[in-house]
Amino acid sequence: MKPIEIMKSVYWVGAVDWNVRDFHGYTTYQGTTYNAFLVIDEKIALLDTVKKPFMVDYMEAIRQIVDPAKIDYIIVNHVEPDHSSCLPDILTIVGPEKIVCSSMGKKALLEHYHQPEWPYEVVESGQDISLGQKTLRFLETRMLHWPDSMFSYLKEDRLLISSDAFGQHWATGERFDDEVDQSELFSHAAKYYANILLPYSSLVGKLLDEVRKIGLDIDMIAPDHGLIWRSHPDKIIEAYDTWGKQKACRKAVIVYDTMWNSTEAMARSVADGLLEKNVRVKLFDLKRNHRSDIMTEILDAKALIFGSPTLNNGMMPTMADMLHYLKGLRPQNKIGAVFGSYGWSGEAVKLMSRALEEMKIEAVEPKITIQYIPTAEDLRDCKQLGRKVGEAIDKAV
Ligand code: FEO
């Protein structure tokens, strides 16, 4: 890859992965990038490495700027293998004076690569390392995304290298936010937040408060995935502020699976009731939509409504998968509703209702179950449920 100078003497030297389609359960239909950065100063620092299969691209980019053997410090902002799996091979080429990481970073590196003799340099939040003209300051960001995560901030350039935070899984030829369509960019950023950072939302708020408190002036945010925020760092910070607070709007997401179209007909009637109340509605058939795409829409929705027929005394496997995934992502400030058809036992609605209780999502009554094929009256009841959810949204937002 061709390196890109993103600020004076600071280069993007990452790799573009056009083909990855799954990121631990999250669909990446448009691939991703593994961003890494090279700072040329009296001391040369390499911030982050890349996923092992991309080491050739990465080294080629570095060699266009500097002989890798001249690199003094390797900064490990995050140990997850998409950022560190080529580290052992890189070290044999570079032989750095220091591997700079957080205390949890050192622990994670030892647990991944079992190399106690590496030249670790553990840094704490607020600690600086001078490179000569430029200064690197570190900020621990535990659980954003792993316990080892940290940010690196180049003080003189007001450049925040933010590891996973503010990223997007999106392979592009462009490197900067102002070179791509904004709605597409924010849609990728929202999907990334909803599927990766949502469970740590309370920490996002604390981190943004800390960044304000210590007065970090930020001109550019360079995450380890996707586009670099050159023109709109304020906009992505504002979005994280909103998402971190899990603010919801007048929007409902209906998620369903169906066997013989009865539950689907119910879902459409619930949607009609919501639309009558002027609520924004998104309807997802689990056979046609991936849970990680549904999560993007759940991010700012107030109401989550689930429909499943009963199969073998349970809910449909797709619904169990969706609810299990959702529970792990710990959504807050939502209301819910459940419905479904059945033949002779009808457990699905009770099980979905229990799943909502476990997530502390209060369900609007009634929980509708209908046997076999809904009558016109059953569908009127479903529409009425939609209206009731609409009214409950108005009370809650
Ligand atoms: Fe991009 Fe948590 O790794």
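Five strands form an open sheet in the order β12-β13-β14-β15-β16, with mixed pairing. Two strands count as paired if DSSP finds at least two bridges between them. Helices (H or I, at least four residues) and strands (E, at least two) are DSSP runs, numbered from the N terminus. β12 (128-130) and β16 (220-222) stand at the edges with a single partner strand each, so one side of each lacks a neighbour in the sheet. On average, neighbouring strands are turned by 20 degrees against each other, direction ignored. Axes here are lines fitted to C-alpha atoms, for helices over the stretch in contact, and angles run from 0 to 180 degrees between N-to-C directions.

The model is predicted; local features need pLDDT of at least 70, side-chain atom pairs count only at pLDDT 80 or more, and totals for chains, interfaces and linings use all residues. Residues are numbered from 1 along each chain as its sequence is written, and side-chain values use heavy atoms, leaving out hydrogens and water.

β12 pairs with β13 (residues 135-140) in the antiparallel sense over 3 bridges. Ser-130 has Thr-135 of β13 as its bridge partner. β13 and β14 also run antiparallel, joined by 5 bridges. Here Leu-139 stands opposite Phe-151 of β14. Between β14 and β15 (residues 159-161), antiparallel pairing covers 3 bridges. Ser-152 is bridged to Ile-161 in β15. The hairpin of β14 and β15 has 4 residues between the strands, and Arg-158 takes a positive phi near 50 degrees there.

β14 (residues 150-154) is largely enclosed by the rest of the structure, because 5 of its 5 residues are buried. Buried means under 20% relative accessible area, exposed over 50%, and partly exposed in between (1.4 Å probe, protein chains only). Both faces of β14 are covered. Met-150, Ser-152 and Leu-154 lie on one side, Phe-151 and Tyr-153 on the other.

Helix α9 (residues 291-298) is mostly covered, with 6 of its 8 residues buried. These are Ser-292, Ile-294, Met-295, Thr-296, Glu-297 and Ile-298. Their cover includes α5 (182-197), β17 (249-256) and α10 (317-328).

His-188 is found in helix α5. This residue counts as buried at 12% relative accessibility. Contact means heavy atoms within 4.5 Å. Not counting residues up to four places away in sequence, His-188 touches Tyr-26, Gln-30, Gln-168, His-169 and Trp-170.

Trp-344 is found in the loop between β20 (335-342) and α11 (348-358). Trp-344 is exposed, with a relative accessible area of 73%.
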